Amino acid sequence: MKNSVKNILTILSVLTFSISFGQNIEGVITTNQNNPLEAANVIIKGTTSNTISDSSGKFTIDTKGKLPLTLLVQYVGYKTAEIEITALPIPSLQINLTEENTLVEVVVSSRRRIEKVQDVPIAISVITGKQAEQTGAFNVNRIKELVPSVQLYSSNPRNTGINIRSLGSPFGLTNDGIDPGVGFYVDGVYYARPAATTLDFIDIEQIEVLRGPQGSLFGKNTTSGAFNITTRKPSFTSGADFEVSYGNYAFLQAKASVTGALGQKIAGRISFSGTQRDGLIDNVATGRPTNSFNNQGIRGQLLYTPSERTNIILAADITTQRPDGYAQVVAGVAPTQRAAYRQFDAIIADLNYQLPSLNAFDRKIDHDTPWRSGQDMGGISLNVDTKIGNGTLTATTAWRFWNWDPSNDRDFTGLQVLAKSQNPTRQTQITQEVRYAGQLTSKLSGVVGVFFIDQTSQTDGTEESGNAQWKFAQSTTSNLWKTPNLFEGYGIKTDARIRASSAAVFGQLDWAITERLHVLPGIRYNFDKKDADYNRTTYGGLQTNDPALIALKKLVYTDQSFSSNTDDTDFSGNITVSFKATDKINAYATFAKSYKPVGVNVAGLPTLAGQPILELAVIKPEEVNHYEISVKTAPFKNSIFNLTFFNTDIKDFQTNVQAAELGVNRGYLANADKVQVKGVELDASFVISKHLTINGAATYTDGKYIKFTNAPLPLEETGATVSFKDVSGTALPGASKWAGSLGGELSDKARFFGNAGKIFFRIDSYARSEFSSSPSASKYLVVQGYALFNARLGFRATDGLSVQFWGRNLLDKDYYEQLLPAGGNSGQYAGVLGDQRTYGITLKYSL
């Protein structure tokens, strides 16, 4: 990777040279006290032409020969200034900005308009690209430490679930047959695969995390929230950033971004990110560490501005991951209700095997099946924004793909129980969204749009038994189980295919009854269609005509084939009443009726009397009723304090079940009758002085099954005389009662190698209470609460060299991110380990 990073950085350096056209405008930006403002943003209104001021407040911007024009001068914490330019040349401009509430001025675009986040009647958290960089949050798994309402669980990229307020994706292994409840958008493009959340961010401008249903604002319906991510756009002003980080465990991360004009109306940007790190778990069988990083991504954009009213962006990206990783470590053994000879400890004793360690945090494994988690994700998109009347028409067309190439050791031991567990997947999607957002009348504004997605997913899997399978599968005391080579090489080939299409019309109005009182109704009509085919065939093992031996083999794997074709329509909507009591207090109340589309099982079905239970093939859609009340305040200068109360009731909750049958790969889907999640969220930030800022967020979540009478058995009850359990009243998996983050920064002006900037020290903490790690609560699969502390010390500048030293998990806390049973539910369960203490240095240079 080091050579590839070096070569790409060389290419990017060459691209920093661009051609300038037109005449320039120069000026100086200061405060009312005539103090220069560094890094103030200067934009030519109606275009994407922009620049920033230097340490002396000076700026230069290319007009591209267009007059008249309006300059917008922005700086966080100050009122935006507008300057009309009608003729050139002009003398150097002297621009004074008036200070406002620094925190309240943060702007977002989630409602398809630029507005202050404190004015938006949505529970929303904003992480700027700079904040993400400064806290080392280079993927969504790190973002969850800044936004405690977000949960991400990943035993590998495919088996990744992202939740907001404990809702969104079924907890456990991923099934392709259902839609995620949390939308993930990058520059307006919907990413259907949850695996996208495991990829490194590339040149991020801002991350907006919206909480609660968002069906009337976004193309894809979402029941629990959305990530709205924007990247930095091409600029006609040349610029470049280069960053490299080094750390322990041979951590190396390189980033680069170059932008500039390619013509009078065309600008480009190319960005790269690469991350590598040695593994954090030792495989004593191979002598090599595993769970490494090996990620590379590149994104290119072309901006074409045929007129001041139209912007066209063509973007393409590709990201690859080739880690030796995502191995899980045996975390413990649960006694089941199976016979004594079928308990895990008895099984491994009979096979003369011992685990390499009985302490998961020794971080030792002896897995004999290689761990491979290769994935490629990429695509191309075309986005057209054109101003029509008092609004903007936006059309976003995109094609994306995802290739998944895994190898897993699902028994988590050095025994040849499952010699192979590989389910490679190929997914493609086409999306089209067209929407219009703007001011309709003096009191009425809104957004209306149409959305379409068509995606196909194909899995061609292999699962194969090894020479120890007979002992784990043995369900009687018959000596026939010991028949040589009966199960060795015996497995299944799986062909699972699904095509899912969805089309929708959506819209939301904002009716200003008075300047302070607004009513916002929203509506959505959706059509969903899913066609799935599942076929698996057995192969290998001892070839025999003995009916008794054939019957034993069928107790492990059987042929299975079924098809499911379903479609559904739905009306959903929401209404919000927003009241701005004062300039510092904004309150709103929301009711939303939302839904998650119908689902299909495409990973095998459990059997009854040897036959698949076909009524489980189609999963009913979720019906969601959501209530929310919030108050957003700015109690004093440079502060925000927001409080949100929410309650979500879900009928036919889609949940994931880990089956005891090996042939049911990745579990199967089922409906819980009724689920409720309610809680409170707090967001607060304070600028105590020009040297000290403090930010914090906390959430209390009470998530439980109101009614779930046909839940799967918890791990310790495997082997009971019943197949299902009533878990009504128990906690939802993945739902911590409490979670929170708290951070602060001390800073002061300084100079470093002649560059003006700030020296700073920042500390961030994240904590959450215990949570269940199983669809049916098991006392063995409970992840204990934990707290993490991260810190950074250094110097940062807008231009020139920045340097910082960083450390993560400074107290070296041992903790699990997830617990999960082994395939076949033999009693052993594994843990996804959180990283131990890591530290390093980051150097960044901006031109």
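Analyst: A residue is called buried in what follows if its relative accessible area is under 20%, and the model to which this cut-off is applied is a predicted one.

User: Why is strand E11 described as largely enclosed by the rest of the structure?

Analyst: Strand E11 covers residues 150-154, and five of its five residues are buried, so the strand is largely enclosed by the rest of the structure. Val150, Leu152 and Ser154 point one way, while Gln151 and Tyr153 point the other way, and all of them are buried.

User: What makes E11 and strand E12 a pair?

Analyst: Two strands pair if at least two bridges are found between them, and E11 is joined to E12 (residues 160-164) by five bridges, with the two strands running antiparallel. Within this pair, tyrosine 153 stands opposite glycine 161 in E12, and the hairpin that joins E11 to E12 passes through five residues.

User: Why is asparagine 291 counted as buried?

Analyst: Its relative accessibility is 17%, which lies under the 20% cut-off, and therefore asparagine 291 counts as buried. Asparagine 291 sits in the loop between strand E21 (288-290) and strand E22 (293-307), and has a positive phi of about 70° although it is not a glycine. Such a value deserves a remark because most residues other than glycine have a negative phi.

User: What makes strand E4 and strand E7 edge strands?

Analyst: They belong to an open sheet of three strands with the order E4-E1-E7 and mixed pairing. E4 (58-62) and E7 (93-97) each have a single partner strand, so one side of each is left without a neighbour in the sheet. From one strand to the next the twist averages 35°. Strand E1 (residues 24-31) runs parallel to E7 and is joined to it by five bridges, and the bridge partner of threonine 30 in E7 is asparagine 96.

User: Which strands are at the edges of the open sheet of five strands?

Analyst: The order in that sheet is E10-E15-E16-E13-E14, again with mixed pairing, and the edge strands are E10 (123-128) and E14 (189-190), each of which pairs on one side only. E10 pairs with strand E15 (residues 204-211) in the antiparallel sense over six bridges, with threonine 128 opposite glutamine 206 in E15.

User: How do you know that strand E17 pairs with strand E18 and with strand E53?

Analyst: The requirement is at least two bridges; E17 (residues 239-247) and E18 (residues 251-261) have nine, in the antiparallel sense, and E17 and E53 (residues 838-846) have seven, also in the antiparallel sense. Valine 244 has alanine 254 as its bridge partner in E18 and leucine 843 as its bridge partner in E53. E17 and E18 form a hairpin with three residues between them, and tyrosine 249 in the turn has a positive phi of about 55°.

User: What makes a set of residues a nonpolar core, and which residues have the most contacts inside the largest one?

Analyst: The members must be buried, must come from a list of residue types that includes Leu, Phe and Tyr, and must be joined through side-chain atoms within 4.5 Å. The largest such core has 32 residues, and those with the most contacts inside it are Leu415, Phe472, Tyr816, Leu819, Tyr829 and Leu833. Strand E24 (329-333), helix H4 (344-350), strand E51 (816-821) and strand E52 (828-833) are the elements that give two or more residues to this core. Apart from it lies another core, of 28 residues, among them Ile143, Val186, Ile204 and Trp404.

User: Why is the chain called as compact as a globular protein of its length?

Analyst: The chain has six helices and 53 strands. Its radius of gyration is 28 Å, close to the 29 Å that the globule rule gives for 847 residues, so the chain is as compact as a globular protein of that length.

Conventions:
Residues numbered from 1 in each chain as written. Predicted model: local features only at pLDDT ≥ 70, side-chain atom pairs only at ≥ 80, totals over all residues. Heavy atoms only, no water. Buried < 20%, exposed > 50% of the residue type's maximum accessible area, 1.4 Å probe, protein only. Helix = DSSP H or I, 4+ residues; strand = E, 2+ residues; numbered from the N terminus. Axes fitted to C-alpha atoms, helices over the stretch in contact; angles between N-to-C directions. Rg over C-alpha atoms; globule rule 2.2 N^0.38 Å.
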